[in-house]
Every structure is written in structure tokens, then in C-alpha cells.
Amino acid sequence: MQNNMTDCEEGEGGPNSQGDGNPKESSPFINSSADTDTEKTQQYDGKSMALFEEEMDTSPMVSSLLSTLANYSNLPTGSKEHEEAENNEEGARPSKKPVKAPQLGTLMGVYLPCIQNIFGVILFLRMTWMVGIGGVFGSFIIVFMCCSTTMLTAISMSAIATNGVVPAGGSYYMISRSLGPEFGGAVGICFYLGTTFAGAMYILGCIEILLIYIVPQAAIFKIEGLEGAEAELALLNNMRVYGTIVLSFMALVVFVGVKYVNKLALVFLACVILSILAVYAGVIKTAIEPPEFPVCLLGNRTLTSKAYDICAKFIEIDNETVTTKLWRSFCDSESLNATCDEYFINNNVTEIQGIPGVTSGILAENLFGKYLEKGMTLEKRGLVSNVDPDSPTTNSNRYVLADITSFFTLLVGIYFPSVTGIMAGSNRSGDLRDAQKSIPIGTIAAITTTSTVYMSCVVLFGACIEGVVLRDKFGEGVNGNLVIGTLAWPSPWVIVFGSFFSTCGAGLQSLTGAPRLLQAISRDGIIPFLRIFGHGKANGEPTWALLLTASICEIGIIIASLDAVAPILSMFFLMCYMFVNLACALQTLLRTPNWRPRFKFYHWALSFLGMSLCLSLMFICSWYYAIVAMGIATCIYKYIEFCGAEKEWGDGIRGISLSAARFSLMRLEEGPPHTKNWRPQVLVLVSVDAEQNVEQPRLLSLTNQLKAGKGLTIVGTSVQGTFLDNYTEAQKADQSLRKLMETEKVKGFSQVVISSNLRDGTSHLIQVGGLGGLKHNTVMVSWPRNWKQPEYYQQFKNFIEVVRETTIASLALLVPKNISSYPSNGERFTEGHIDVWWIVHDGGMLMLLPFLLRQHKVWRKCKMRIFTVAQLDDNSIQMKKDLITFLYHLRIDAAVEVVEMLDHDISAYTYEKTLIMEQRSQILKQMHLTKNEMEREIQSITDSSRGSIRRKKPPALRPQHSTEEGASVAEKPEDEVQLIHSKNASSPTSPTSPAAPPGGGTATWTDSKSGDKRKIHLAPTPEAGKDLFSMKPEWENLNQRDVRRMHTAMRLNEVITKKSKEAKLVLLNMPGPPKNRVGDENYMEFLEVLTEGLNRVLLVRGGGREVITIYS
């Protein structure tokens, strides 16, 4: 934004004339460096603004903001600056003067430039031919369809152009800021290519006029005497040579200075208007006195002018019959008895008027089209010729022939460039005094004018000119005159020279505008490899862009045929117009708050109709060109999306994304997903260090491998503190997460929660992560390292709480152990196995995860093995068969093995392991007791000791007492129950002494199947009279549930280690957490024993629902 102070500030109507008299800030935006604290104090002192002093650094005063916006001027980096820069290059650069505000109005700024760009070469060179071939009806339909398309596009463009200030980027700016950088870049490039090929088309039209109608003798490759393909090739080679020369000259003119092009623009525009007026004058004259333009026909075939001097076979001179040049063209000698062409002998020669006049009634004959094959002769309707259908056409070079095969869609493609140019006004938006008023009025008025001229020309050409002359593309039957020139008054040369200069001017305008468009795209930086074309001369002239434009333009010159180049640029312009309509329709339908156009006469239905017309016309013109153009646009779109689209322009596509996301989220809320649609939506819980860097980056590598870049992923962490004090740290942590996600190619979202403690923060993430139906169904958390060390006590406590919360929330849980040894995304396993130990059914997660992992290149070469455990009373052979069948129906390829685990006696080592585990858990607990907890712990030890004495009484009494104690314990508050850790873990005198070997067992979790009340099972103790410190543990005093669990863990570990020691990854059912928090340390120990000796283990806990199905 340029904040230019204009002359009106100090004069009448300036912003300061009604202000408060205070000096304006140099910028109303954030952190203006011009104001010191003293100036601010002076500026806001005594204004009742002290309440807002804290906001002054970031928020401007309203008066200051309005003042700056009022002085905003929007001069483009266009021709005006280039001219000024060129004028200033000779001397020293003057000090920057205030630039005058743009002064162009609707007429000079929009209407006339649009008129100049719309009227062009097609009107003069192909319009009459189109009317002759397609008929008045067909041509009128084509003109109406094309003009309707541009009118609808102009309405959409007017709405966009009046929705705020449009900088001098014209259509490219409008599309890119409405549809985003991807669409903007793709359509911008298409518009650039269209403008470039338009330059080639104008140059080819210029050469065609020069070589055919002005100086035919200047042809380097002589056409005289050549027939058919040879003559066509010679003409095309002439076009290529002269086209290259003219293109080089025009590029040099543009390079030297665009000011010369601008100065000649009015001259070229005058030529166009004079030519059109000459045509209308000629039409009026035909009603009074039709001009003499005779056309000679042999039978009903049109003869070329060079084939005859007199339109007769022979003439009488002094009572003597003399043969004419026409006779000699069809006969082998001048004599009357010479051998002549059969068709020549059988048909008479007639002469008709080429322009019978508007009152002649020729319109009825020209109403309907007459499409021709290439090489067919032009024949007049209504005349009968005597021709032998079996005899071949001879002397074809004497007739006027069709040079191309014509059909309706070809006419559409050739004609459409004559209605382009409607963007000329919006491209100059920076030069306009009031762009929001001038662009709609000027553009729509210009389209209305040109459409009226085109439609009237279709009718008038059909009403004035003979059909065979209309179909004569190069005027071969009317002495080589330009057909539209034969109608003009006072002379055909008015049209010839007028059209020549107008095509020259249009070509220069294209070569001026296209490089600037490419420069604007390059400077936006959305397409990285085009950045070099953003540079230019010191005055900003786009030198490199001009060079590329000339090179692409040369491609059109090499094609050399005007009829072949026209459909190419039609594609690119139609695509551009289509996206302008799309942009307007989207903005209207999405009801974006910023969508407030001053132009009110638009509707989304009109925009969609315009878009549909554009798309239809693309395929009508040429379906293969349309596919190529859309392919180019798609490639550019994907390229920008892949590596260049880092712009945020508040575009409509973002609005579509928001609307689509809202709609989809609402649909997801309608019910839980079907099993077939289930996929892991992962919440990855990571921890950050003091520098807010992620401590377990391999968690994200595993996530990427599991998700293969698809599905929802939320990477969350918590920061300890308060929101007010630690917001900066949270932002830093969020950036760290995003950076790591980008590195690991994890597509998803990051979420950082600030909480007073990490435990609550993690709980909040699990509870509130995601939105609506798009919530996580799986939690991934790393195994707590060094959990046995006292300083990591809280860490493993938090881990177990996560396990509990996921269980209650019915979320699946993934716990990778030894995460640092997991492969990165760049590694590849060339062989190996992924082993699944399926011990309990948890919904199929264990089956689904290896399948998902093997979709990623890291695990692709690994084979899957599934192990399941058979008990003593299981039929292992039948189990294996059933499992193979199950996997077959699941369409999962895996080897199957059933492992038999018989009931072995519990070994001494198991008892020792359990004993050590309980001792360690006691020590860990006591190191974290507070003073009150210690006192209550001592009391609990005393109570439990008394209980053990009572349990030594006869068996008949034991159930009663034990029930009473169980009831008394159950009646205690939950927090008190949690504090009863052990009955003999410490002495009253030294409660924290780690040297005291606890002799008894510890209270552990129980299965809640036996009853609703929570029970704590207390292991029996030795004799009560023994000293607690001197007591040695005995195996029978251990909690038998713990012993059995330890036995299971050790037996499973033994089997798993034996079978899967060399596996690349082991997936294993994760046992459930303790029902209460008393046995947390034991739970961790069991998991540790279960996974001991394995390198990579992924503990999996299902969420309680089926996630895989055999049905399609």
C-alpha cells in the first residue's frame, strides 16, 4: 500500500480541512517507527484517550487511520511510471515528488480501451467469410453466444472489481485474490498465454493484409503458378518470414519504450472506428447505388479474377468471333474448334453483381449456411450446372476453392477472439479516477456497443453481399480485394489500411501487456521458477518477461495460419473468463463478510451461466485444445500447491474449504462411523524439554508410517504454568511441533495446552482434542523411560493415568516401547517380520495396524506373522484353521502360528521376582509420602497388623472378620483407601527408611466381577509378635494374584522372545490398568517383564469397538 500525500490534503476537501488539527502518523499500522514516546504523549494528551494508552503501539487512532486511507492512491507499476522513469533516466534521479492522483474517467480509461481491444483482426478478415459459411442464422447464434458469454463475464468482473480497491493487476489480481494463489497462478498463466498468442494472431493478420491485399509482389516465396498444397505452403512460409520480422520490430519498439505504444494507441483506435464507420456508410450507399463488383460464374462455380479478363468465352470484334482469356484457360488453343474442358463446354458463363445491395433481397439466400470441404469449389445457390458426376474436376486452379474444411465449431473457435479484450478496463484500474464506478459502466457499455456492431454486421453482410463473395475468404473472385473492403465507402483502401494499422496496434498492445502480466505473477512469488521474469531494467521494464513473450509469440508465428492460432487463444481466454465467473459465484454463495460489491446487478445464477457457457464454448471450439489448456492449468495448479502456494489472500477457496468442513463435520455428527469406515485418528502425546523442543521425534515418524500421510493426526503437548505467564512458551512449543510435523511429513494439527500441571494438561488434550465428529479415536504415547528411578515417579504415574483415561473414554491406545530404536521415514527394511501376538480380541486393532504399516515404504518388504496362544483345553489345530480362514476373509496376507502354553508350576524365580517388585514399589511409594500421609500410613500398618492377628483365629471365624474388615475398608473414603499402600512397609519410628525390607505383600487391584463394592485384599502376615524390621519375607506371604500375574508375564515373555527375537516389530496386547491406584508400580513391572528382551514393541489396547470387518 502506498500512502501518497496528494495535493488535495491542504486544499479544499482535504482530509485535514475537517480534522482535529493534529499531525498525522506516518503510518496508521502496527508499530510506526516515526513516533517517539514524547510525540505520542503530546498527540493523545488531553483527549480523554488515556484509557487507551496501552493500545497506542498496536492500534491507530481512528482519525489517523481514516486520514491515511483517504490519501491512499493506487498508481500501478504500469505505463505511467515507466514513462516517468525513462524521462528521469538521463539526469540525476530527482527527489521523490508526490505523484498526482489518476485522472482517467470512464470514457478514456475503460470504454475506448475496451473498444480498441475488442474490435480486431477477425472483424476485418474473417467476419464476412463466417457469415457466408455459417449463414446469417448460424453466424448470429455464434455472435450472440460469444457476446453473451463476455457480457455475463463482465457482470461478474464488475462485481469483483467493485468489491474494494483493485490494484493494477487486472484480471490476474481479481482471480488470484478471489480464488487463491493456486487458481490465480494457473489462470494468470493461461491469461498470459492467451494474450501472447493474441499478439501472434494480430501479427499474422497484419502480414495477411500486407501480402494479399496491399503488396502481393513482396512475397519471398512466389505463389504465382502454384496450385493446391504448394501454393498454401508458399503462403505460410511468407507469413512465417514476415511475421518473424514484424515480431522482432514490435518487440524492439516495446523494449525501447512503452510510451511510444501509448502515444500511438489513439491513432490505432481512430483507424478502427473509421473503418467500421466506412462499412456502415457503404451499407447505406448500397441501398442508393450499389457498387460495381462483378463476379464471373461458369455454371454455378465462381471463377478467380486472374482466370479471365472478360467474363465471356468469346466476343464479337468487327463481325469476327474472338476467344477470350477465359477460353484459353480451359482449352488447349485459341481456336474455336480446340479441345476444351468438358464442364466448360457444357455450361454457360454468367456475370453477377458481388454486392447487389441491401434492398436486393439477397438476405433470403444467405440465411442458411453452406459448409465446405477443403478443395471444394464455391457454388452459387439457385443456379443449375451441367456436370457429369463421374468426371473429375479439372483446371481447379481456375475456380475459387475452399482452403479449409469448415464446420460450426470451427467458426466458433475462429470468431471468439473477436469478443475478447473486455479486461482492458480492469487492467488499467490503477489509472482510473474512480475504478469502482468506471469499470462496470465502461466495460458493459463497450460490450454492448461491440455486440451491437457485430450482430448488425452479420445481418448487413448477409443482406448486402452475394453468398459466393462472402465465402471467398481472400477475395479471389473480386480482383483480390478484401471482401469487407468491397462494401466500404468511399474506397476499399480505407478498410485495408485501417485494418492493417489496427492489427499492428493490437499486436503492440499485446506485446506490452503480456510481459507486465507475467512480471506481476513472478513478483507475487507463487511460481518459483518464474521469479527471474520479475526482474527488468532499472525503470522496471520487464525485459526478461518480454523476451519470453516474444519467444512464445514466435510459436504462433511458426504455426502461421490465422485460423489455427485463433482457437488456441480462445481456449486460454475462455478459461480465464470461466474462473472470473466462478470467483463471483463462489463469493456470492459463500456470503463472505468481505463480499460487498458496489455493483449490485449481479447474481450467482448469472455467474454460473457464464461459467457454463465458457466451459461449453471451450469444448465446442476444440475439445482437444480444451483438454490441453485444462491440463496446462491443472499442472500449474498442482505445481503451485506443491511448492509455491504460501500466500494467504483471504480467497474464496478457503471459504469453500470452511463451508465444506462445516458441512462434513455436521454430517459426521449424525452417527458413529461404520466399521468399514473406521480408521485410526491419532492423538500423539509428546513431551517437550525446557527449550520447548520435542523429546521423542520418532513418535511422529511412526505416526507418519502408520497413517501413510492420510487421516486425522493431532500432535499435542502440555506446558506447565498459567496462560498469562506461559503463552510465549506455548507458542514456541507449537512452532516446534509444526516444524517437526513438516520434517516428518505428518499431515495434521498441533495443539498445545497450558495447565498448572502436566497431568491435567494431558487429560485436557485427551478430552477436548478434535472437533465434532472429527475427533481422535486412538492415543499414542511413548513408554516412560527410567520409570523405576525415583525422579521419574510422576512420569509413570501420568502414563498410567493416560491408560486409565483412554480406557474410560473407549479410545484405542498405542504405546511404542524403545521408541528411539524405531526406523525413521528414510530407512527401508529389505526383509524381516512384523509379529502380532494376538492374546485377547480387542476389536481387531492388532490386525489392522500391521496392514497400515505395510502400506508405508519403510515396512513394505516386511512379512506379517500372527501368533495366538492356546490354553490347555483349546484345540490348537482347529484354532489355526479358524484363524487362517478369518485372515482370508479379512483379505490380510499373514503366516499363522498357534503357541501352546501349558499350566506350569510357578517357579522360584517368579516368587523372587514378585518379592523384589513389591519391595521396590514400597520404596517408591514411601519416597513420595507427605507428612500427613506418613502418619496415616503408620496407622494403617498398625490396623493391618491387628487384622492379621484376628485372621490367625480358627477358620470358622475368619470369613466373618474378613468380611467386616473388607466392609470397613470399603466404607472409607476413596482418597483414604488410596493411602493404605501396605501393611508393613515401614516402622513407626522410621517411616521412610529404605533399608527396611517389607515383609508382607501389598494391596493390589482386583477384578470387580465378585461385587460392586471395592475390596482390598490384604496378604496374610507372619506372626504378629515378630519385629517388623527383622522379619524375612516368605513366599507364601506374597499376594497370590501378583504371583500369578508375574508368572503369566514371564511365561509370555519367554515364548515371545523365543519366537520373535529377530522380528523388526512386535505388536502385543496391552493388559489393562489396575482398577485402583494402589498397584500402579506393580502394573509397570508386569509390562516391563512382559516386553523384556525385545527391541521394538508396540503395546496395543483396543477401544472397545470393532475396527475391522470381513464384509466389503
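Biologist: What pattern do the disulfides of the protein follow, with bonded cysteines counted along the chain?

Modeller: A disulfide here is a pair of cysteine sulfur atoms within 2.5 Å. This is a predicted model, where local features need pLDDT of at least 70, side-chain atom pairs count only at pLDDT 80 or more, and totals for chains, interfaces and linings use all residues. Residues are numbered from 1 along each chain as its sequence is written, and side-chain values use heavy atoms, with hydrogens and water left out. Counting bonded cysteines along the chain, the pattern is 1-2, 3-4.

Biologist: Which parts does the pair C296 and C311 tie together?

Modeller: The S to S distance in this disulfide is 1.9 Å. Strands are DSSP runs of E, at least two residues, numbered from the N terminus. The tied parts are 15 residues apart in sequence, because C296 sits in strand β1 (residues 294-298) and C311 in the loop between β2 (301-302) and β3 (314-317).

Biologist: And the link of C331 and C340, what is its handedness?

Modeller: Those two sulfurs are 1.7 Å apart. The torsion about the S-S bond is about 105°, so this disulfide is right-handed.

Biologist: Is C504 buried or exposed?

Modeller: C504 is in no disulfide, and its nearest cysteine sulfur, that of C206, is 3.4 Å away. Buried means under 20% relative accessible area, exposed over 50% and partly exposed in between (1.4 Å probe, protein chains only). C504 has 14% relative accessibility, so it counts as buried.

Key: Helices (H or I, at least four residues) and strands (E, at least two) are DSSP runs, numbered from the N terminus.
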